[in-house]
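User: I would like to go through the terms used for this model and see what each one rests on.

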Amino acid sequence: MAFPDFQPGSVWLVGAGPGDPGLLTLLALHALRQADHIVYDALVDERILDMANPAAVKEFAGKRGGRPSPAQEDISLRLVELGRQGLRVLRLKAGDPFVFGRGGEEALALVAAGLPFRVVPGITAGLAGPAYAGIPATHRTANQAVILVTGQSAGDGPDWAALAATKAPLILYMAWRGLGSIAAALIEGGLAADTAVAVICDATTPRQKVMTSTLATCAQDLADSGLAPPAIIVIGAIAELRGTLDWLGVASHG
């Protein structure tokens, strides 16, 4: 199988997927084996880093909420700097680079610097996490749309009332700390208090844990659960299907 050349002086923005190394794409694996320098996120699984070219330099550039983290501008400038050194630069991002991964910002910086780049999509945790929890993102009798939304924003944040009005299931990224206020806003916007909620922690990894609840009680249930982020949160009728479709739970007890 022929893969595109990873040329010196170019930067590849690569999605590492949600955690399970088996969900890595072949093109992402090719990039890992060819890269000279890897700039990787906090949520990239160590088992994926172990697949990299042994001679590659691995540079951590993780961003975690509430902890000291490198500024996005500094990360983008670092990619430009490494590319200008004539290296094969791999920016390894958890999930998909263009789904709440700030890959677009980094790509714009590379364009401004005149550096060639390639985007290698990855499986986003917002779809893989629910799937590993037995929750289909779409189900013909439950929904005709699904909305991926961030719980954090550089601006005013999502319009929760407008999202509630769609009645479409919501899949939330980076919403751990704001879940209580989000749930309240969705109820105020018209969603029923007993709307199903599922919180999927460490999605697709051996550490994955899932909590099920409702909009009315999810914030307190989460506080009492002992769970910790990172997490994907599913709100809507699709979350009810976990009770029937928890294939991973069945397999682990089989």
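User: Where is the place of T204?

Analyst: This is a predicted model. In it, T204 sits in the loop that runs between β8 (196-201) and β9 (209-214).

User: Why is T204 called buried?

Analyst: The relative accessible area of T204 is 4%, and buried means under 20%, so T204 counts as buried. Leaving aside neighbours within four places in sequence, T204 is in contact with P18, G19, D20, L23, A128, G129 and Y132.

User: Which residues meet in the contact of α3 with α4?

Analyst: From α3 come Q72, I75, S76, L79, V80 and R84, and they meet E105, E106, A109, L110 and A113 of α4. The residues of this contact divide into 6 nonpolar, 2 polar and 3 charged.

User: What is in the largest nonpolar core?

Analyst: The largest nonpolar core has 22 residues, and W160, L172, L186, V199, I233 and I235 have the most contacts inside it. The largest share of this core, 4 residues, comes from α7. Not counting residues up to four places away in sequence, W160 touches residues including V149, L172, I182 and L186. A second, separate core has 21 residues, among them A16, L27, L32 and V44.

Methods. Residues numbered from 1 in each chain as written. Predicted model: local features only at pLDDT ≥ 70, side-chain atom pairs only at ≥ 80, totals over all residues. Heavy atoms only, no water. Contact = heavy atoms within 4.5 Å. Helix = DSSP H or I, 4+ residues; strand = E, 2+ residues; numbered from the N terminus. Nonpolar A, V, L, I, M, F, W, Y, C, P; charged D, E, K, R; others polar. Buried < 20%, exposed > 50% of the residue type's maximum accessible area, 1.4 Å probe, protein only. Core = buried A, V, L, I, M, F, W, Y, C linked by side-chain atoms within 4.5 Å.
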